[in-house]
Amino acid sequence: MTALLEHLRSHHTPTRLLAALRALVRTDFLWLVFLSALSGVLAGLCVAAMTQATLLAHRLIAPDSGRLSGLASVSPWRVLCVPVAGGLLLGWWQRRLNQQRRRRPVDPIEANALHGGRMSLADSLVVAGQTVLSNGCGASLGLEAGFSQMGSAIASRIGRILRLHRADVRLLVGCGAAGAIGAAFDAPLAGAFYAFELIIGSYAFTLLAPVASATLCALAVTRLAGASLPAVTVAPSDTIPPLAWPLLAVLGVTCAYIGIVLMKSAAQAETLFRQILRQDWLRPALGGLLVGALALISPSVLSSGHMAMRARLVSPPGMELALALLCLKALATVLSIGAGFRGGLFFASLYLGVLAGAVFAGLVAPFAPLPLSLCTVAGMGALATAVIGAPLTMILLALETTHSAGMTASVALAAIAASLTVRRSFGYTFATWRFHLRGENIRSGVDIGWLRALTVAHMMRTETDSLPADEKVETARATLAGWMPRHIVLHDEHNHYQGMVDTTRLMSIQAVPERPLSSLAEARFETLSPETCMADAVAAFERTGRPALAVVDKTGRVMGLLSERYVLRRYAEELERIRRDLAGEKHIRYTPPSRAGSGPHP
């Protein structure tokens with residue numbers, strides 16, 4: 001603090017103040033923890049503001065209550081008109097954005113995986129606004145996408161203003177998401193491991209302090225703002241029969257396939273809506289009409305289903321009712337995504353998991369009666385794990401929800417079974433599945449952007465040893481008599497690439513002196529372009545087996561030379577840097593031991 005006050009006295013302009021803060025953050029890890037806590041506070045404020053805005057919008061459908069999914073009945077004309085009106089407004093909004101040719105918003109996972117944590121605050125405000133509009137008009141999606149988007153974007157902006165290192169910005173993005181999710185579920189441990197598993201992509205002991213600070217600060221803010229829900233009381237199952245454990249694994253596998261069907265159906269619904277309506281701005285209105293019609297059967301399909309989930313945890317439904325509600329909620333969620341509403345599947349998957357657990361308990365009851373509450377909690381954790389791909393997050397959420405070690409163990413078994421099943425049979429979560437449909441190969445928030453940022457143009461050697469392809473072998477030997485490069489690049493009169501010659505082959509007695517160099521040329525059609533990323537360059541060397549490749553532009557003109565040895569060395573250096581960042585070693589300050597009064601050193 002003394003150092004900060006001294007900086008404040010000596011720096012009077014905002015630019016110098018930012019430089020002073022940047023220097024403090026880069027030299028002292030405690031200041032990074034302070035920035036993480038600040039990100040958590042701002043994320044908590046965003047959660048509280050978005051929650052209150054959504055509750056106000058819900059009053060258009062239910063004037064006497066702000067929680068749609070917990071209603072027993074709704075007004076038919078309201079539940080049909082409000083989603084349609086919200087869909088029209090969302091469609092008009094998205095059409096205006098398309099006319100402005102705004103770039104596609106980057107979510108926290110993509111930002112950390114490809115862009116070093118760089119997110120646009122303006123684009124994130126659009127995502128948050130559209131999420132509130134979608135959930136507020138009754139679309140069957142959750143607010144967690146908007147929560148994590150805003151929390152991460154604000155943290156990213158803080159890191160970019162201070163020009164922090166790439167690893168520090170990525171950490172702040174994870175802290176923002178952790179604070180948002182922890183505050184939304186009133187579960188700080190689940191929020192922290194949501195960031196570790198999905199946003200940051202790994203866990204390190206040194207990263208626990210900033211992430212935990214963010215979640216605790218965000219939770220405190222939402223509680224002070226009155227935006228958190230009261231704790232839910234689930235009847236604990238202290239005695240779990242031995243036969244329940246294999247059945248819980250079966251429940252996890254079942255929930256995994258339900259999640260896979262849900263994710264694939266969402267993509268198919270988007271295609272179906274595009275085929276039915278050419279006007280993209282009308283699709284949300286049609287989806288709102290269909291969701292409203294389903295809400296006439298059961299209002300629990302509206303919104304995220306958070307209140308309905310809490311009610312079913314306290315009083316689990318019978319098998320027939322649970323199966324009907326499961327089908328209705330899944331259909332409403334798929335229609336909402338396919339129509340173009342904004343939102344996430346985290347909240348919805350929790351409710352669907354509770355219903356799937358209740359159905360499973362009813363199916364196995366004639367053979368092996370299981371506690372109904374145990375199946376609903378385990379199903380909640382298993383299906384949410386299948387959809388979002390974060391088993392530890394769901395295990396901790398179950399612990400913070402039920403406060404029961406026995407039920408948490410059952411959730412752990414079901415969640416692990418679901419995670420393994422989805423990974424082996426499908427390979428994607430909901431977020432990564434949507435990345436795959438866009439052509440992005442992203443499996444988590446682990447930083448792979450450096451592989452794309454480090455291109456051949458940054459690694460190649462522009463000074464090449466080149467000779468005309470029609471020059472004779474004996475002339476080339478005389479030209480290179482005083483200095484012998486390893487590779488010779490051949491070109492024509494227009495500097496177009498014509499192949500490469502190894503000097504060992506040039507100096508071989510088998511090379512005919514009167515013949516041109518083109519007779520010795522190799523790798524004539526194997527080249528690299530300047531835009532090629534490091535991963536593709538490594539694959540090219542493995543495919544061709546060449547120790548070096550020429551770099552040419554689109555017209556075939558020679559631009560440089562790249563060797564496999566240099567690429568592999570840079571690759572190893574970057575991997576070591578990423579390993580140090582993931583392990584948190586960058587934040588460990590080494591203080592050499594004092595030699596005063598010490599004995600001789602060996």
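**Entry 1: helix H9 and helix H17**

I began with helix H9 and helix H17 (residues 391–402), whose axes come within 8 Å and cross at roughly 180°; axes here are lines fitted to C-alpha atoms, for helices over the stretch in contact, and angles run from 0 to 180 degrees between N-to-C directions. That makes H9 roughly antiparallel to H17, given that angles under 35 degrees count as roughly parallel, over 145 as roughly antiparallel, 65 to 115 as roughly perpendicular and the rest as oblique. I note that this is a predicted model, in which local features need pLDDT of at least 70 and side-chain atom pairs count only at pLDDT 80 or more, whereas totals for chains, interfaces and linings use all residues. I also note that residues are numbered from 1 along each chain as its sequence is written, and that side-chain values use heavy atoms, with hydrogens and water left out. Helices (H or I, at least four residues) and strands (E, at least two) are DSSP runs, numbered from the N terminus.

I then listed the contact, meaning heavy atoms within 4.5 Å: from H9 I found Pro188, Leu189, Ala190, Phe193, Tyr194 and Glu197, which meet Pro391, Leu392, Thr393, Leu396, Leu397 and Glu400 in H17. Sorted by class, the contact of H9 with H17 has nine nonpolar, one polar and two charged residues; Ala, Val, Leu, Ile, Met, Phe, Trp, Tyr, Cys and Pro count as nonpolar, Asp, Glu, Lys and Arg as charged, and the others, Gly among them, as polar.

For burial I used the cut-offs of under 20% relative accessible area for buried, over 50% for exposed and partly exposed in between (1.4 Å probe, protein chains only). On that scale H9 (residues 188–200) is mostly covered, with 11 of its 13 residues buried, including Phe193, Tyr194 and Phe196. Gly201 follows H9 and has a positive phi, near 95°.

**Entry 2: two further helix pairs**

I next looked at helix H11 (residues 244–276) and helix H15 (residues 346–364), which pack at an angle of about 130° with their axes 10 Å apart; H11 and H15 are therefore oblique to each other. Their crossing is right-handed, where a crossing is left-handed if the near helix is turned anticlockwise from the far one by less than a right angle, and right-handed if clockwise. In the contact, Leu247, Val250, Leu251, Cys255, Ile258 and Leu262 of H11 meet Leu352, Ala356, Gly357 and Phe360 of H15.

Helix H3 (residues 29–58) and helix H7 (residues 144–161) pack at an angle of about 145°, their axes 9 Å apart, and H3 passes H7 in a right-handed crossing. Among the residues in this contact are Leu35, Leu42 and Met50 of H3 and Phe147, Ile154 and Ile158 of H7. The classes for H3 with H7 are 12 nonpolar, four polar and no charged residues.

**Entry 3: the sheet S4-S5-S6**

I turned to the three strands that form an open sheet in the order S4-S5-S6, with mixed pairing; two strands pair if DSSP finds at least two bridges between them. Strand S4 (527–528) and strand S6 (558–563) stand at the edges, each with a single partner strand, so one side of each is left without a neighbour in the sheet. Strand S5 (residues 548–552) pairs with S6 in the antiparallel sense over five bridges; I found Ala548 bridged to Ser563 and Leu549 to Leu562. S5 and S6 form a hairpin with five residues between them, and Gly556 in the turn has a positive phi of about 90°.

I checked Ser303, in the loop between helix H12 (283–297) and helix H13 (306–314); its phi is near 60°, a positive value in a residue other than glycine, and at 5% relative accessibility Ser303 counts as buried. Asn495, in the loop between strand S2 (487–491) and strand S3 (497–502), likewise has a positive phi, of about 65°, although it is not a glycine, but Asn495 is partly exposed, with a relative accessible area of 26%.

Last, I looked up Arg103, in the loop between helix H4 (76–99) and helix H5 (108–114), which counts as exposed at 60% relative accessibility. Arg103 touches Ser120 and Asp123, not counting residues up to four places away in sequence; Arg103 and Asp123 are 20 residues apart in sequence and 8.2 Å apart in space, C-alpha to C-alpha.
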